[in-house]
Amino acid sequence: MKPKILVTSAAGKTGLPTALQLREKGYPVRAFVRRRDSRSALLERAGADIFVGNQYSLSDMREAMDGVQRAYQCAPTAPNGLHFNAVFTVAANEAGLEHVVTLGQWLTSSDHPSLFTREVYLSNALIRLSPRMSVTSVDPGWFADNYLMVIDMAAHLGLFTMPLGPGNEKKNAPPSNEDIAAVAVAALTDPEAHAGRSYRPTGPELLSPNDIAAAMGRALGRRVRYMDISEKMMTKALRALPPSNYSEAAVSQLAIYAEEYRRGTFAVNAPTGDVLKLTGEAPESFENIVRRTVATRPDLRKSVPATVRAFTGFLKILLTPALDLERIQSQRDHVRLMNPTFSQDTPEWTATHVPAMPVSAPAKVA
Ligand SMILES: NC(=O)c1ccc[n+]([C@@H]2O[C@H](COP(=O)([O-])OP(=O)(O)OC[C@H]3O[C@@H](n4cnc5c(N)ncnc54)[C@H](OP(=O)(O)O)[C@@H]3O)[C@@H](O)[C@H]2O)c1
């Protein structure tokens with residue numbers, strides 16, 4: 001009898017492939033989703049037991065963990081990550097789970113300027129307090145999927161727009177959602193080998209923004225040019241473009257992550273060999289990730305209506321008011337530190353990340 005595994009955020013970027021890969025390996029899976037839709041239907045067809053509920057509700061989480069032995073803990077990219085993780089940790093301890101794989105962050109450090117990141121640090125410490133439950137952390141950096149947020153503009157206007165700094169600096173080895181999931185699945189299915197360990201899955205090579213634009217261009221069959229945009233423009237785009245479901249608080253954190261990107265933090269000791277080590281397979285290249293996306297998106301093919309739509313979207317970005325990030329982070333209920341430290345300025349962080357390349361001078365603080 002294989003143990004039953006709960007996958008939280010099971011309709012999300014990493015939860016969905018985690019649940020599907022576990023099913024392929026024959027594990028009984030309970031998939032926690034917030035509604036029934038095409039993603040839950042896919043999970044159901046794969047044989048997962050669908051649990052519809054609110055992940056921030058302790059009573060729902062207790063019910064979801066009934067009869068479960070292991071779990072994938074994945075807080076949504078949204079405020080209240082610590083609340084989600086506290087609910088998860090309480091329910092996991094009560095249910096006596098034997099093993100948890102938790103999705104953390106590459107940047108995780110105690111005094112980070114990002115509240116979300118500090119919450120991940122605390123969550124990691126809390127889940128590890130239980131003497132009976134073993135834990136593995138999977139701490140990826142900037143997902144390949146993040147670049148795909150702007151694939152429509154690349155496909156129809158030939159522009160890859162992000163605030164990533166100079167186009168020729170190689171600052172990220174982006175992992176696919178599926179490779180992150182494969183590392184989580186390896187740890188979920190073999191706790192003895194991975195208990196207490198942390199992994200940082202990456203893609204196969206460091207890429208510059210120009211490399212990313214070129215890979216998009218090859219997959220799309222057109223020239224794509226990188227355009228370094230300001231932080232202000234990034235806030236406008238995140239608010240204007242679908243899926244514009246990011247709250248103001250979330251956008252303020254994404255701006256800090258872009259700052260870490262420009263500082264070269266995601267390039268420190270990257271790429272890692274963790275995907276190969278845990279799965280036996282080399283990580284997927286970024287170009288292949290884009291090609292898979294293009295294959296499932298006929299709307300990315302060249303057409304006059306699609307170009308008009310992309311151009312209208314671009315105008316919408318220009319007309320959307322920028323967010324005042326300082327105002328958002330100065331709000332009374334936003335927990336802010338007087339003297340935060342970016343990851344590379346934190347000795348505890350640098351002790352676990354050996355620099356593999358020189359990093360450029362820090363840019364302006366977000
Ligand atoms: N993106 C990056 O570059 C990056 C890098 C490092 C670490 N991370 C970490 O990745 C984590 C997010 O993982 P992910 O991208 O796989 O997740 P995700 O795509 O954000 O998925 C979250 C899922 O949770 C669902 N959900 C939201 N609120 C819910 C509720 N109240 N009850 C039930 N379900 C709910 C969402 O439903 P809907 O789909 O219906 O909205 C979504 O399917 C974050 O903790 C972040 O720190 C991200």
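Guide: A residue is called buried here if 20 or more other C-beta atoms lie within 10 Å of its own, and exposed if 12 or fewer do, with partly exposed in between. The model is a predicted one, and in it strand E6 is mostly covered, five of its five residues being buried. In a regular strand the side chains alternate between the two faces of the sheet. In E6, Ser134, Thr136 and Val138 point one way, whereas Val135 and Ser137 point the other way, and all are buried.

The chain reaches E6 from strand E5 by way of helix H5 (residues 115-127), in a β-α-β crossover that is right-handed. E5, which covers residues 99-103, pairs with E6 in the parallel sense over five bridges, and Leu103 stands opposite Val138. E6 is also joined by two bridges to strand E8 (residues 198-199), again with the strands running parallel, and there the bridge partner of Val138 is Tyr199.

Leaving aside residues up to four places away in sequence, Val150 touches Phe160, Thr161 and Met162. Val150 and Leu241 are 91 residues apart in sequence, yet their C-alpha atoms are 8.8 Å apart in space.

Note on methods:
Residues numbered from 1 in each chain as written. Predicted model: local features only at pLDDT ≥ 70, side-chain atom pairs only at ≥ 80, totals over all residues. Contact = placed C-beta atoms within 7 Å. Helix = DSSP H or I, 4+ residues; strand = E, 2+ residues; numbered from the N terminus. Pairing = 2+ DSSP bridges. Right-handed = clockwise from strand over helix to strand, strands pointing away.
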